[in-house]
Amino acid sequence: MKVMKFGGTSVGTPQRMKEVTNLVTKSGQPVFVVLSAMSGTTNSLVEISDYLYKKNADGANEVINRLEAKYAKHVDELYTKEDTKQQTLDFLKEEFNYLRSFTKEIFTSFEEKAIVAQGEMLSTNMVVNFMREQGINAVLLNALDFMRTDKNAEPDPVYIKEKLAAIMADNEGYQVYITQGFICRNAYGEVDNLQRGGSDYTASLIGAAIGAEEIQIWTDIDGMHNNDPRVVDKTAPVHQLQFEEAAELAYFGAKILHPTCVQPAKYAGIPVKLLNTMDPDAEGTTISNQTEYGKIKAVAAKDNIIAIKIKSSRMLLATGFLRKVFEIFESYQTPIDMVCTSEVGVSMSIDNSSHLGEIVDELKKYGTVTVDTGMCIICVVGDLDWSNIGFETRVMDAFNNIPVRMVSYGGSNYNISFLIKEEDKKRALQSLSNNLFNN
């Protein structure tokens, strides 16, 4: 069985829902479908929550009414049979009355998560009703019945596998199994969400739980590109990536995928395909445990980086110096992206400035601190094992006329990273494309 996940734009209109139905049923084989909320819905639900936090019930109800009218219009466009229309309208009335019930209660983050979860409830019910109207043997499985996180807010794979196996055993013989992405319950039974990776994470967890042959992530672009098409000319999709390569690209700026969401698939050895609902025949990108040796695959960029250098000839060689430095960042829950050391100093980069002042004050206990803002990390990904002679030179050549603040190489077999000024980003990305891909 394959798992197919469709994002918000893929189910953003009644016409798109019809196209998704065609894609899901094309093979004639049983599939497990994960759906996000219709595009724009989650933003409206967050807006409703914002009004309720501010105790503005009138503002919340206005947004609820506007959203309900939008969905009522979708019903007329999506369905042809009157009984299906009425069934869906009854469901929508119940859903929106549920949202209105929050305008009369004390409002906290728990209620907000329950409200935001309704976006996926709406989309999955509408699609399963359409499929049934078309004579497709489809069943809706509530993600809140099997998707759970533990006390550390991380998915509980053992629980998910056991619960889902029991639910699937009770629902044998369907052509299409549909569930909600993103939403779950936490260890205390409260409605929550998966945060990082959202619906992609759901698809990966389900794929691992049921031993899927393949996990498909359908979006509105044709896979990961070898560079940022918004910045660089003549980019092309990368047809094959190793899981580590995909994670590096996702972490350093390729927004199509969150770096943690494919981990369950990686550990289960299940390939993940990134495909385009607007161009379903395009090859897209396949992510697996297979490495294409001797190839540089892609480039990504991460903006809003801050470089911090601490220089201390007195302290650096002392035992425990680096530990003390890193503990400062840990105490403010600020991850470090890049690290470079010398005999008299250490440079680090971060992408979170919320505690920058406190971190710098603490670091000044151990040396002279310099801060550079407005920086950008350029990440080059591929088979970059140190034994591949000359690969790093090909990458370095692209920076002939661009000042580089830091270089990180050797921490991974799949990545070389450069820290440069944001103003040089476009020039650097284009130069890398010219040197690595367009020759």
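Guide: Let's start with a word we'll need: buried means under 20% relative accessible area, exposed means over 50%, and partly exposed is in between, using a 1.4 Å probe and protein chains only. What you see is a predicted model, where local features need pLDDT of at least 70, side-chain atom pairs count only at pLDDT 80 or more, and totals for chains, interfaces and linings use all residues. Residues are numbered from 1 along each chain as its sequence is written, and side-chain values use heavy atoms, leaving out hydrogens and water.

Visitor: Okay, is Ile-296 buried or exposed?
Guide: Ile-296 sits in strand β11 (residues 296-311); helices (H or I, at least four residues) and strands (E, at least two) are DSSP runs numbered from the N terminus. Its relative accessibility is 11%, so Ile-296 counts as buried.

Visitor: Which residues does Ile-296 touch?
Guide: Contact means heavy atoms within 4.5 Å. Not counting residues up to four places away in sequence, Ile-296 touches Val-380, Val-381, Gly-382, Leu-384, Phe-391, Arg-394, Val-395, Leu-436 and Phe-437.

Visitor: And Thr-41, what is its relative accessibility?
Guide: Thr-41 is in helix α2 (residues 41-53). Leaving aside neighbours within four places in sequence, Thr-41 contacts Leu-67, Tyr-71, Gly-119 and Leu-122. Thr-41 counts as buried because its relative accessibility is 0%.

Visitor: How far apart in space are His-355 and Thr-334, C-alpha to C-alpha?
Guide: His-355 is in the loop between β13 (345-350) and α12 (356-363), and counts as partly exposed at 28% relative accessibility. Beyond residues up to four places away in sequence, His-355 touches Tyr-332 and Thr-334. His-355 and Thr-334 are 21 residues apart in sequence, and their C-alpha atoms are separated by 7.8 Å.

Visitor: How many aromatic pairs are there?
Guide: Rings of Phe, Tyr and Trp (its six-membered ring) pair if their centres lie within 6.5 Å; planes under 30 degrees apart count as stacked, over 60 as edge-to-face and the rest as tilted. By this rule, the number of aromatic pairs is seven.

Visitor: Where in the chain are Phe-399 and Phe-418?
Guide: Their pair links distant parts of the chain, 19 residues apart. Phe-399 is in the loop between α13 (391-397) and β15 (406-409), and Phe-418 is in strand β16 (residues 415-421).

Visitor: Which residue lies over the face of Tyr-159?
Guide: A charge sits over a ring if NZ of Lys or CZ of Arg is within 6 Å of the ring centre and within 35 degrees of the ring normal. At 3.7 Å from the ring centre of Tyr-159, the residue over its face is Arg-148.

Visitor: At what angle do helix α1 and helix α6 pack?
Guide: Axes are lines fitted to C-alpha atoms, for helices over the stretch in contact, and angles run from 0 to 180 degrees between N-to-C directions. Helix α1 (residues 14-25) and helix α6 (residues 118-133) have axes 10 Å apart, packing at an angle of about 65°.
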